[in-house]
Amino acid sequence: FSLPHALNLFAGHAEARVISQLVWSFLLGAVFACLRIVGRSIWPVAALHGMMNAFVHVNRLGVDVQPSMLGAVALACAPLPLCLYAAILLQKELPPRASQQANR
């Protein structure tokens, strides 16, 4: 999910911005995977992804974003609360391994 963002280096984006995008998109990819597992459908995740992209692109129209190192780190860490939420949802959804093996 995150590798296509590396192409932004060739588009002239700042290295700090691209690295933060790689981390950010990797974490969001993990969240989207958990939401797909819990929700049992790709469509809500696809809609969420589209809405997030639209929000980001509309809010930066005509603006060249060059984050500071602190800004890049903050951007990279932004999905961490969502990762925690996805892990909690996944924990509730998947049964413990011990009970899976006992049922066999």
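The structure is a predicted model, in which local features need pLDDT of at least 70 and side-chain atom pairs count only at pLDDT 80 or more, while totals for chains, interfaces and linings use all residues. Residues are numbered from 1 along each chain as its sequence is written, and side-chain values use heavy atoms, with hydrogens and water left out.

Confidence is expressed as pLDDT, the predictor's confidence in each residue, from 0 to 100. The mean pLDDT of the chain is 78, and 81% of the residues reach 70 or more. Among the elements, helix α5 (residues 97–102) has the lowest confidence, at a mean of 53, whereas α1 has the highest, at 85. Where pLDDT is low, the predicted coordinates should not be read in detail.

The chain contains 5 helices and 0 strands, where helices (H or I, at least four residues) and strands (E, at least two) are DSSP runs numbered from the N terminus. The order of elements from the N terminus is accordingly α-α-α-α-α. Of the 104 residues, 19% are buried; buried denotes under 20% relative accessible area, exposed over 50%, and partly exposed in between (1.4 Å probe, protein chains only). Contacts are defined by heavy atoms within 4.5 Å. Of the contacts in the chain with a separation of 6 or more, 65% are between residues 24 or more positions apart.

Helix α1 has 25 residues and reaches 35 Å from its first C-alpha to its last, close to the 36 Å expected at 1.5 Å a residue; the expected span of a helix is 1.5 Å times one less than its number of residues. The buried residues of α1 include A16, R17, V18, L27, L28, V31, F32 and C34. Two polar residues of this helix were examined individually. Q21 lies in α1 and counts as buried, at 12% relative accessibility. The side chain of Q21 makes a polar contact with the side chain of N8 (2.6 Å). Such a contact is a pair of N or O atoms within 3.5 Å; within protein, one must be able to donate a hydrogen and the other to accept it, and residues adjacent in sequence count only if both atoms are side-chain atoms. When residues up to four places away in sequence are not counted, Q21 touches H5 and N8. S25, also placed in helix α1, is buried at 1% relative accessibility. The side chain of S25 reaches the backbone oxygen of L22 at 3.3 Å. With residues up to four places away in sequence again not counted, S25 touches F1, S2 and H5.

The loop between α1 and α2 (43–59) contains R40. Most residues other than glycine have a negative phi. R40, although not a glycine, has a positive phi of about 60 degrees, and this residue is found just after α1. At 61% relative accessibility, R40 counts as exposed. S41 is placed in the loop between α1 and α2 and is partly exposed, at 23% relative accessibility. A polar atom of the S41 side chain lies 3.3 Å from the backbone nitrogen of W43.

Helix α4 (residues 80–93) has 14 residues, which at 1.5 Å a residue should span 20 Å; the end C-alpha atoms are 20 Å apart, in agreement with this value. The buried residues of α4 are C83, A86 and L90. Seen down the axis of α4, these buried residues fall within an arc of 65 degrees, so they line one face of the helix; the arc is that of the directions from the helix axis to the C-beta atoms. The buried residues of α4 pack against α1 (15–39). The face of α4 turned away from the buried side carries the exposed residues P81, L84, Q91 and K92.

L82 is likewise found in helix α4 and is partly exposed, with a relative accessible area of 40%. Not counting residues up to four places away in sequence, L82 touches L28 and V31, both of which are buried residues of α1. L82 and F32 are 50 residues apart in sequence, and their C-alpha atoms are 9.5 Å apart in space.
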